[in-house]
Amino acid sequence: MTDCVFCGIASGAIPAAIVAEANDWVAFRDLEPQAPVHVLVVPRAHVSSLAALSEGPRGTQLLRACTAVADSEGLDGGYRVVTNVGEDGGQAVPHLHFHVLGGRRMGWPPG
């Protein structure tokens, strides 16, 4: 999608602080971090949300990417992985993305 900011970041057309990447996904620092570590993991192919993710290996790859990012960021004490679906769920960008949050104790309930 040409008007999707995360597609632009994934393709390299929009600059971002990339922390990790592979053929099918890219991870970059959130511009408005909610924790000392706040990295977004997105698929390179446009998928609007978790609800639109079809069966197959992509979901597993993205979750493993979240784990790899947490490991590379030194989040040994724990971390949180969050994805929002739809406007009521708080999804601000209509491209599937996982927030990897850590570096501080996470409260509950989250929101």
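## Contacts and basis of the model

Of the contacts in the protein chain with a separation of 6 or more, 54% are accounted for by residues 24 or more positions apart, a contact being heavy atoms within 4.5 Å. The model is predicted, and local features therefore need pLDDT of at least 70 while side-chain atom pairs count only at pLDDT 80 or more, although totals for chains, interfaces and linings use all residues. Residues are numbered from 1 along each chain as its sequence is written, and side-chain values use heavy atoms, with hydrogens and water left out.

## Overall form

The protein chain holds two helices and five strands, which follow one another along the sequence in the pattern α-β-β-β-α-β-β; these elements are DSSP runs numbered from the N terminus, with helices being H or I of at least four residues and strands being E of at least two. The radius of gyration of the protein chain is 13 Å, which agrees with the value near 13 Å for a compact globule of 111 residues, where the radius is taken over C-alpha atoms and the globule rule is 2.2 Å times the number of residues to the power 0.38. Along its principal axes, the C-alpha trace spans about 35 × 30 × 30 Å.

## Surface and charge

About 6,600 Å² of the protein chain is accessible surface, and 52% of this belongs to carbon and sulfur atoms, as computed by the Shrake-Rupley method with a 1.4 Å probe. Buried residues make up 35% of the 111 residues, buried meaning under 20% relative accessible area with a 1.4 Å probe and protein chains only.

The side chains include 7 positive and 11 negative ones, and the centres of the two sets lie 7 Å apart. Lys and Arg count as positive and Asp and Glu as negative, whereas His and the chain ends are not counted; each charge is placed at NZ of Lys, CZ of Arg, CG of Asp or CD of Glu.

Strand β3, residues 37–43, is mostly covered, with seven of its seven residues buried. Val37, Val39, Val41 and Pro43 point one way from β3, while His38, Leu40 and Val42 point the other way.

Strand β2 (residues 25–29) runs antiparallel to β3 and is joined to β3 by five bridges, with Ala27 standing opposite Val41. Five bridges also join β3 to strand β5 (residues 98–102), again in an antiparallel arrangement, and here His38 stands opposite Leu101. Two strands pair if DSSP finds at least two bridges between them.

## A cis peptide bond

The peptide bond from Trp108 to Pro109 is cis, with omega near 5 degrees, and Pro109 lies in the segment after β5.

Terms used: Buried < 20%, exposed > 50% of the residue type's maximum accessible area, 1.4 Å probe, protein only.
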